Amino acid sequence: MRDFDFQTAASSAAEPAATVLAVNNLTIALPAGADRPHAVRHVSLDVRQGEIVCLLGESGSGKSVIAQAVMGLLPASLKAVDGGIELLGEDVLTASPDRIRQLRGEKMAMVFQEPMTALNPIMRCGAQVDEMLAQHSRAGVGERRRRILEIFAHVRLPEPERIYASYPHQLSGGQRQRIVIAMALILKPSLLICDEPTTALDVTTQAEILKLIRELQTESGTAVLFITHDFGVVAEIADRVVVLRLGDMIEQGAKLQVLQQPREPYTRMLLAAVPALVPRTRPPVEKAYPLLDACGIGKTYVTGSWPARKRKVQAAIDVSLMVHPGETVGIVGESGSGKSTVARCIARLIEPSAGDIFANGRSVAKARGRALYPFRRGVQVVFQDPYRSLDPRQTVGASIVEGPLNFGVPYAQAWQRAEELMTLVRLRPDALNRYPSEFSGGQRQRISIARALACEPKVLIADEAVSALDVSVQAQILELLDDIQQRLRIGILFITHDLRVASQICDRVIVMRRGEIVEEGAIQDVFLAPRHEYTRALLAAAPGRDFAFGAA
Amino acid sequence: MSDDHDPMTLAAPGAILANLEVVPAIRSRTPLWRRVLRNWSVRLGCGALLLLIFVAVAAPWLGTIDPTAMDPSSANLLPGVRAEFSDLSGATFQHFFLMGTDSLGRDIWSRVVYGARVSLSVGISVAVLALTFGALVGVAAGYFRRLDDILMRAMDSLMAIPSILFAITLMALWRPTLVTVIVAITIPEIPRVARLVRSIVLTIREEPYIEAAISLATPTVKILWRHILPNAIAPLIVQGTYVCASAILVEAILSFLGVGLPPDIPTWGNVMADGRMQFNQYPQTVLFPGVFLALTVLAVNILGDGLRDTLDPKFNKRGS
Amino acid sequence: MPFFLFRRVLSTAPVLVIVALIVFMILRLTPGDPAAALVGDNGTSADIARIHASLGLDRPLPVQFVKWTGQLLQGNLGDSYYMKQPVTRLIAQRIAPTLSLSALTLVITLLLAVPLGVIAASRHGGWLDRMLMGLSVMGFSVPSFVVGYILIWAVALHAKLLPVQGYASLSAGIGPWLTHLILPAITLSIVYLALIARVTRAAVAEALTEDYIRTARAKGISEARVLIRHALANAAVPIVTVIGIGVGLLIGGVVVTETVYAIPGLGQLTVDAVLARDFPLIQGITLFFSFVYVLINLLVDMSYLLLDPRIRY
């Protein structure tokens, strides 16, 4: 695969392809009061026919703003103050709104990040694509329907006729994204802009969509501007890469050159932060006694009320696991695998329908209310969304001492512990009087960790705790968790959908699918020699799997 | 946690502190109360309301006479007339009738000014009572799933009875006093507040920080008081102003229809009811109190809009 | 599907029962003797005894309720004291003017409010938006009877354009029917219009922030189509909901408006009943209006099935 890429790059260098998109020295100003004066500053890049240019950056890098500027979808508060954008030689920054509307769909099209909300929920899918065709072409009703069904088949949607008549909520995320892609490509535009189109999808679906985009693009020679924050995706499909940071262009070049011989320190730092897919070697864990022992956990949801028949949804079926001191057990799976359900059952945020949970020799599966307090002391949770896990109306210090106060620790002692913990998570203790809104995402996640540790737990359950963070911040948090685990010998139950993260931090891993355990074992065994075909499929779908990240 | 695993003993304090992250200083954010007061709607509404409160409190000193004093000989004087007024005890004096008199010779200006007292006390009392009871019901329904169904059915049923009809029905049975009027107007207002609070509680209940509080073993009452209620205060205050405006209107309507406070107590509705029959020739009895009523309700509504825009833009879709 | 509709219809039953219960309890929970309250200050003990007997007030409460509900289910709302006729007959006699007034008001409101709201939302923050919203706050605040009198004064008395009071039924011709009803309908519709316009604006403005609007614009379709086919269509559910709830406001307004314009409808009947302290009549009208409200909101709920394919009961 590596050689193949190299050859296409070499052959396309022989005859320079036409430039479809040219961004010249573009500067877009932010409204007054923002944390910096410009969303993007002096950015120049171009995309030629038949190539995929990846625009890579972390959050706040301004990559989406560039895409919006090209499509003429900038919000009114953002204005281009310098530079220009040319699409097939035509200036789009100064074009009239009518001209831009004409260009959209015919010459340039965009695919957005969230497929679940990208389609009008009360209009049939076929009608939504039809609307666009009717606007831009003069084909009749029958002809339009034929073309839509044709492209639906082309993007590998099963039963195009049924999909034509369906409403978006009846389809999966992957199917919806295919419809959006179909809608974008039906008029054969010269430029396709993809703004993180696979970030919200499962890794297997992501692999399919990436493959689809690559195929369609090769077929019709469309120029693609692909925006992402994921180096794996870049490794998978890019021809050239442009790296952005806080509105400035840091580096650009051919993919292999940027990924293997980056010039700038920022790019090097980013590359080093990407966890390798190959598991790290970790110190051995002594399996003396389990801190947490879950046996046969099951959770069944019953939906539907009279007179409709009741439907049972089994979110988790017969899941058993153990966590020992100093051990990190990972649960990996895609959406709907039940991993979060299991985590919340074990954390006793919900009650399991079957099975039992033992902590400290006591059974807690059916316990409620006050009976759970000793359990809660020993088992704490760190949640996924750092922006919503802290009460915005309480100071950070109040959030951290809440737990100890509930367990009867005197206030002065609890506060002192809070200060120590802030230091442990590498934040200044005097920030305890600040409110969550004054911290960044990564800092808030550290505060959440401190809050969990304040109760002096023996087990920490991290439910997708790093999924919402940038890759550089993610690396810091993972390192912090590792550090804490070494010092305090706590057990960690780590839920994630990201195989690289699991490789970085887990000793044992459990692979789940549709509520059941598919495979489990030491992480080296599972990842390097997977036995179950689903595990193999998961590993094969991880983007950039052939690329050795994180090494060096 | 045994001592040799205590994190603080494992590292030299100085080295650690030097490497700690500094939280960036907050950009100067205007404190909430200042943002609220800068809003034009808030200023306008608040100013008008304060003016009205002043008028109501200072009624005896604003060129008024006894609002219940009748003088048939001075009936139906036009506004702006200076005339003699002789009350029932026989005393006579000169008085400037700013707004004229009604059919029984009572000074309209005095009745309007004293009427402000009734309107304001009704408006504010109803708002406070409806908010309190509505919040209790709303929190119970929103947080405890088992109570939700039965409480919301009760609230839906209460909402099904048009509020004015409900108030009229109650007033037809009870003795018309200030207290009964307040209660009659409050009861139909409770369901709307309850619905609003319930929807807020339902939203907040889904937030991860509530789950975090549960996992920290925070008792339910404390969760409600410290985490949920503070987030509901802002929309509640906004809704309170709308309830106040609505209550003032309903009281006026009740009086106008003849089922509010007794006709001798001056309320804006009563004054307008008096003037109904002779509206064609002497419109002042209806128009003056009507304008006062409209401006008062307008001021409170504008205040509510201003508060809504500044206090909690997230929740401004609900209610209204 | 029919299963689901059936279940939805069935769920209104508890609401109706509780409404009946509330109305029932209002009289029985009056402090003191309810019969004495009904008779008023000028009643004799004979009157009180008569009322006790006719309402069965000495029986235990549950028995009273069952008996009363039984009567209700047979369509018997009791008899009016002062008019000496069954309440149901009185309601039937007076319903036509109220229905005409309400229908005309509804038409005027919907024709104006929704387009105004959509325009305000599309020019969010602009001068047109602010002006429309300012007008709507005023519409909310000015009491309808004040507006009524001002309109009467301005249009009817001075310009002598339209009849001041009274009602002409449809059988007398469309012209008189309309001229008699147009002023009251405008008076009544002002509050309703303000409410619907505001809600439309809020709902459409929120719909415009959704992702699918961005997709729609990226397709290059016209802004008008984006506004109507995408934003308004998705805002339909909250708007229709408020139209249903606003019926409560409408009913209250009808009482006042009919009084001001001397229209012999149900509103006027209510006022007469109140002044005469004719409790069975008041109770009957309140029950009637409440049931109408519940019915209309049931229709609104059912309309969701047409408006939003995601909703299934």
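Reply: Helices (H or I, at least four residues) and strands (E, at least two) are DSSP runs, numbered from the N terminus. The model is predicted: local features need pLDDT of at least 70, side-chain atom pairs count only at pLDDT 80 or more, and totals for chains, interfaces and linings use all residues. Residues are numbered from 1 along each chain as its sequence is written, while chains are lettered from A and ligands numbered from 1 in the order in which they are written.

The context begins with chain A, in which there are 20 helices and 20 strands. Its radius of gyration (over C-alpha atoms) is 26 Å, close to the 24 Å that the globule rule (2.2 Å times the number of residues to the power 0.38) gives for 552 residues, so chain A is as compact as a globular protein of that length. Along the principal axes, the C-alpha atoms of chain A fill a box of roughly 70 × 60 × 45 Å. Of its 552 residues, 49% count as buried (20 or more other C-beta atoms, placed from the backbone, within 10 Å of the residue's own; exposed if 12 or fewer, partly exposed in between). Of the contacts in chain A (C-beta atoms, placed from the backbone, within 7 Å) with a separation of 6 or more, 70% are accounted for by residues 24 or more positions apart.

Most residues other than glycine have a negative phi.

Chain A meets chain C through 25 residues of chain A and 19 of chain C. Helix 10 (211-218) of chain C gives the most to the side of chain C that touches chain A, with seven residues. That side divides into seven nonpolar, four polar and eight charged residues (Ala, Val, Leu, Ile, Met, Phe, Trp, Tyr, Cys and Pro are nonpolar; Asp, Glu, Lys and Arg charged; the others, Gly among them, polar).

Between chains B and C, 40 residues of chain B are in contact with 41 residues of chain C. Helix 11 (284-311) of chain B gives the most to the side of chain B that touches chain C, with nine residues. By class, that side holds 28 nonpolar, eight polar and four charged residues.

The helix contact requested lies here. Helix 5 (residues 145-160) of chain B and helix 2 (residues 12-28) of chain C pack at an angle of about 65 degrees, with their axes 8 Å apart (axes are lines fitted to C-alpha atoms over the stretch in contact; angles run from 0 to 180 degrees between N-to-C directions). Helix 5 of chain B supplies B:R153, B:A154, B:D156, B:S157, B:L158 and B:A160, and helix 2 of chain C supplies C:P14, C:V15, C:I18, C:V19 and C:I22. These residues divide into eight nonpolar, one polar and two charged.

Terms used. Two residues are in contact if their C-beta atoms, placed from the backbone, lie within 7 Å.
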